[in-house]
Amino acid sequence: MRKNLFRFLFVAAALIGTSATAMSQVTVKGRVVDAESKEALIGAVIMPADGSSKEAVTDVNGGFTLSVAPNATLSVRYLGYKEVKRQITQQGTVDLGTIELEYDAFALDDVTITSSIAVARRTPVALSSVDPIFIEEKLGTREFPEILKATPGVYATKQGGGFGDSKINMRGFKSENIAVMINGVPMNDMEWGGVYWSNWAGLSDVTRSMQTQRGLGASKVAAPSVGGSINIITKTIDAEKGGMISYGMGNDGYNKVMFSLSTGLTESGWALTVLGGKTWGDGYIQGTEFDGYNYFLNVAKRINDKHQLSLTAFGAPQKHDQRNRNDGLTIEEWQKVKNYMNGDSPYKYNPTYGYGLNGERKTSARNVYHKPQISLNHLWQIDQKSSLSTALYTSIGRGYGYGGQGLTSEYRNKWYGSTNGILNTEFRKPDGTFAYDEIYALNQASTEGSLMAMSKSVNEHNWYGLLSTYTTKFGDKFDFYGGLDLRYYKGVHTNELIDLYGGDYFMDASSRGSVVAVNNAAAANPNFKNEKLQVGDVVYRDYDGFVAQGGIFAQLEYNAEKLSAFVAGSLSNSRYWRKDRFYYDAAHAESDKEDFLGYTIKGGANYNLTQNHNVFANIGYISRAPYFSGGVFLSSAVSNVTNPDPVNEKIFSVELGYGYQSKFFAANLNAYYTEWKDKTMAKSKFITDGNGSVIDQIVLNMKGVNATHMGIELDLTAKPFSWLDITGMFSIGSWEWTNDPIGYYYDSGGQPVKGEGKDANGLVIIEHATGIQSPDHAWAKLGLDGVKVGGSAQTTAAIGASFKPLRGLKVGVDYTLYARNYADWDLSTSLGYNEYRQYSTPWRMPSAGVYDLSASYKFEIGNIDATIYGNLENVFNTEYITDAYDGGNHDWKTAYRVFYGFGRTGSVRLKISF
């Protein structure tokens with residue numbers, strides 16, 4: 001580490017020294033606006049017309065500053081507008097004043113990519129835009145969602161702390177209720193709606209713009225979001241000629257190398273952008289080593305003034321060891337593990353970090369995945385008023401995570417490092433590491449083969465989609481959008497044995513014991529349950545999940561000098577089915593197909609009172625199909641049985657907002673109210689045998705859960721001096737459950753639970769019901785009305801300042817506050833069967849504030865631009881809790897699955913552009 005740091009600093013110092021001989025520069029500044037509305041154009045690109053790599057991007061006020069050679073000609077560009085050029089003849093500092101760009105009716109603006117992007121003071125939604133320069137300066141070693149932590153209503157954490165395992169919530173809604181789109185193409189998982197950010201490592205390096213829209217948003221796809229949307233647009237034909245190479249290093253062995261090349265738009269109409277990189281390190285959390293690659297390719301061809309093709313492919317194959325999300329300890333248990341960390345922070349401790357028989361690293365939590373995304377976009381500019389934009393895309397996911405198996409449920413749960421926040425001691429070395437070598441001894445002493453074995457939980461998918469958008473103008477003030485959104489998804493899910501841990505074979509008795517002969521004739525064979533399995537054989541599950549969606553959408557916009565308004569709607573059908581090869585034989589493998597019709601209706605208006613003031617409002621209603629997992633199929637991993645009474649989720653939302661914008665200051669204030677009804681939700685609890693050993697984890701599957709999310713959000717920017725930028729935000733929410741839902745119990749194998757009994761030895765066992773929602777199927781009713789929604793800070797605030805004390809040098813400091821952060825909750829272990837239980841507001845975690853520093857220095861080596869970036873996160877090494885589950889007494893002592901935020905981390909990076 002020290003050797004690498006010395007080399008880095010030596011190279012950086014040499015480059016800085018070389019730059020001292022660079023020619024003198026002229027500093028140019030100005031502001032770019034729309035010629036008609038006089039509104040600032042955010043993200044316009046200003047660069048020398050000779051195609052050199054240096055460039056500036058306009059900020060939220062349309063302002064820019066750029067150093068260029070004397071007598072340079074500047075090119076000012078913005079997608080959909082005519083290019084403007086300015087000759088620089090003066091010396092020193094030149095103020096170009098206001099540069100007005102005119103709309104280009106013939107500009108090839110890919111509507112599929114850009115139509116979901118909102119425009120400030122025109123689109124009536126709450127939005128925040130992030131430019132690529134901000135991402136480069138602030139990201140450091142953080143993951144993509146964390147760059148949004150200073151956005152109102154957003155709460156992002158690292159959860160267990162593994163590479164790519166971060167989460168993001170928006171207005172209290174979890175990731176499965178936030179639409180993530182890249183170039184207009186939806187990214188959320190088709191079965192349960194979530195997003196794995198490890199799949200998109202390196203995306204920040206090719207991002208042209210990134211925007212969050214809270215609430216209903218401006219997305220026009222047929223399957224909408226609830227909490228908001230994240231819209232990421234990558235570079236395509238607009239990429240400038242040039243390239244870059246970079247190397248970064250950080251704490252805990254973090255390394256990242258990357259390169260990119262772009263031809264720009266050639267005279268023949270071709271443009272090529274390619275990026276590649278590798279990221280590796282030991283991980284901040286103990287035993288979370290990671291190794292990942294990332295790539296991006298875009299080939300675009302402007303065929304003529306009417307047609308353009310763009311092929312984009314990107315992916316990030318990776319493998320990383322994890323800290324299981326169930327292995328967060330209680331606060332008192334975290335203090336007990338201090339002795340294991342040799343003076344390092346106890347919050348880095350990983351309960352499943354350990355070694356095998358020969359001292360080799362072993363883990364029960366590993367993720368290996370690659371999810372390439374390929375899309376072909378065609379744009380047809382039909383005439384001056386109309387265009388048709390079509391994207392044909394596919395995603396091919398391949399990979400797996402580790403899944404511990406056991407002869408019984410009791411043995412399967414021994415793979416966890418903790419239970420309800422208490423460190424498991426059965427396989428624990430004196431130094432705190434997990435004793436994987438003792439599992440070998442356990443299995444070798446067994447007369448029933450391996451009592452514990454490891455499998456890889458394979459989750460693969462083939463996903464195909466078509467998104468086509470037609471747009472036209474009616475007169476000068478009306479714009480119409482309409483289109484198709486078609487998707488087909490097949491997910492393949494299986495578990496394969498990969499390690500018997502010293503045993504001669506493994507019997508999957510706990511899973512095969514749940515297979516009934518009426519569904520799978522093989523179960524009639526008395527030897528089926530105790531078949532002796534080897535590495536490569538399938539255990540627990542083996543099924544395909546299918547989702548087919550088809551929808552149409554339309555939107556009509558009105559844009560006048562001061563007033564803009566829209567009305568939009570969509571209609572979609574979602575079809576779900578599954579095919580099982582484990583619990584069913586070929587004759588019964590395929591389930592019934594379930595169809596759900598969903599729709600959206602929304603509208604809004606923005607009125608610019610003056611050049612400085614505007615107000616907006618939007619309202620909408622969504623009827624959204626339930627998800628495949630937990631909604632349509634109650635036990636989607638193991639059963640074809642569908643929910644006997646599934647219903648669409650219903651969302652009603654209304655929002656009001658006010659904006660102020662001037663040359664030196666901008667602020668946006670909005671208030672929102674969202675009702676969420678008929679949500680499906682699953683909560684679990686561990687069942688012990690009476691002697692403290694976990695025998696199973698049962699799930700209460702609830703439907704008809706209602707909640708209300710409302711709040712106020714404020715964000716602002718100020719530029720009191722040319723060398724100082726100030727940003728700030730404040731968000732306060734009130735998110736509560738509003739009814740008392742009922743749910744039914746299922747065991748980990750998906751079988752309906754009747755209750756608990758005793759075996760011949762007096763130990764607790766799970767008893768099964770005769771069928772799903774049969775008279776003996778155990779239920780519970782939870783008194784949630786008025787209980788706070790957990791898992792997100794309901795009050796957040798941030799303030800930041802960026803200084804430019806010297807030419808090329810930029811220093812930033814940011815402070816982020818998290819408050820009213822209520823613990824998430826699971827079922828109380830004391831919750832019984834067939835009973836009502838009143839719940840209370842979960843434990844409120846302590847408020848916390850974190851300071852971050854960033855710095856960059858731009859210099860030249862001849863005609864080559866170079867930049868050094870430095871980032872220091874959590875400068876004062878603040879200890880704070882980010883995630884927790886509520887305990888029985890709703891206090892810090894009984895809270896469990898507690899995770900702390902990272903302590904002080906840092907990185908440096910050198911980027912050379914050419």
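The model is predicted: local features need pLDDT of at least 70, side-chain atom pairs count only at pLDDT 80 or more, and totals for chains, interfaces and linings use all residues. Residues are numbered from 1 along each chain as its sequence is written, and side-chain values use heavy atoms, with hydrogens and water left out.

**Salt bridges**

- The structure holds 43 salt bridges (a side-chain nitrogen of Lys or Arg within 4 Å of a carboxyl oxygen of Asp or Glu).
- K138 and D814 form a salt bridge at 2.7 Å, N to O.
- K138 lies in helix 3 (residues 132–138) and D814 in strand 44 (residues 809–822), 676 residues apart; helices (H or I, at least four residues) and strands (E, at least two) are DSSP runs, numbered from the N terminus.
- K138 is buried at 10% relative accessibility, and D814 is buried at 19% (buried is under 20% relative accessible area, exposed over 50%, partly exposed in between; 1.4 Å probe, protein chains only).
- R581 and D544 meet in a salt bridge at 2.9 Å, N to O.
- R581 sits in the loop between strand 32 (563–580) and strand 33 (594–608), while D544 belongs to strand 31 (residues 538–559).
- R581 is partly exposed at 37%, whereas D544 is buried at 5%.

**Second largest cavity**

- Its lining has 45 residues, and those closest to the centre of the second largest cavity include R142 and K158 (a cavity is a set of points on a 1 Å grid over the protein atoms alone where a 1.4 Å probe fits but cannot get out; lining residues have an atom within 4 Å of a point).
- Strand 9 supplies the largest share of this lining, 3 residues.

Notes: 1 Å grid on protein atoms, 1.4 Å probe; cavity = no way out; pocket = protein on both sides within 12 Å on 5 of 7 lines; lining within 4 Å.
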